[in-house]
Amino acid sequence: QVQLVESGGGLVQAGGSLRLSCAAAGIIFTINGMGWFRRAPGKQRELVAIISSGGATNYVDSVKGRFTISRDNAKNTVYLQMRSLKPEDTAVYYCAASKYSSTVIAGGYEYWGQGTQVTVSS
């Protein structure tokens, strides 16, 4: 079975930075889309950023210019460099992967990590 193992979450002060990592284990096939969604308290899951196998990226407007997504295809690992963090970035961040697409729609991803908590203090 496929496992997505996330790391890098934690507590950071507003304006600070964190880098999330997600390594896909048990992957025999090529991953097309890989990225991050988040769920803030009292809110629905939303896209943060995705990256295709070819390197095309997509970000939610609220993180553009602050977050950078990247991937290492050889390691089946995706990263999310988060800078200039804001309290509203506080959420559980979920890694997602698909062998089919790099859609911005959460339902398009068949593999999910367990989530890692990011808390940004004001």
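Where is Thr77 found? Thr77 is found in strand E8. Before I go on, note that this is a predicted model.

Let me stay with Thr77 for a moment. Its relative accessible area is 8%, so Thr77 counts as buried, the cut-off being under 20%. Leaving out residues up to four places away in sequence, Thr77 touches Cys22, Ala23, Met34, Ser70, Arg71 and Asp72. There is also a polar pair to look at: a polar atom of the Thr77 side chain lies 3.0 Å from the backbone oxygen of Lys75.

Now to Asn76. This residue sits in the loop between strand E7, which covers 67–72, and strand E8, which covers 77–82. What is the phi of Asn76 near? The phi of Asn76 is near 50°, a positive value, and Asn76 is a residue other than glycine. Is Asn76 buried or exposed? Asn76 is buried, with a relative accessible area of 16%.

The next residue is Ser84. Which loop holds Ser84? Ser84 has its place in the loop between E8 and strand E9, and E9 covers 91–98. Ser84 is not a glycine, and yet its phi is positive, about 50°. As for accessibility, Ser84 has a relative accessible area of 33%, which means that Ser84 is partly exposed, since that label covers values between 20% and 50%.

To recap with the structure in view: Asn76 is in the loop between E7 and E8, Thr77 is in E8, and Ser84 is in the loop between E8 and E9. Asn76 is buried, Thr77 is buried, and Ser84 is partly exposed.

Conventions: Residues are numbered from 1 along each chain as its sequence is written. This is a predicted model: local features need pLDDT of at least 70, side-chain atom pairs count only at pLDDT 80 or more; totals for chains, interfaces and linings use all residues. Side-chain values use heavy atoms; hydrogens and water are left out. Helices (H or I, at least four residues) and strands (E, at least two) are DSSP runs, numbered from the N terminus. Buried means under 20% relative accessible area, exposed over 50%, partly exposed in between (1.4 Å probe, protein chains only). A polar contact is a pair of N or O atoms within 3.5 Å; within protein, one must be able to donate a hydrogen and the other to accept it, and residues adjacent in sequence count only if both atoms are side-chain atoms. Contact means heavy atoms within 4.5 Å.
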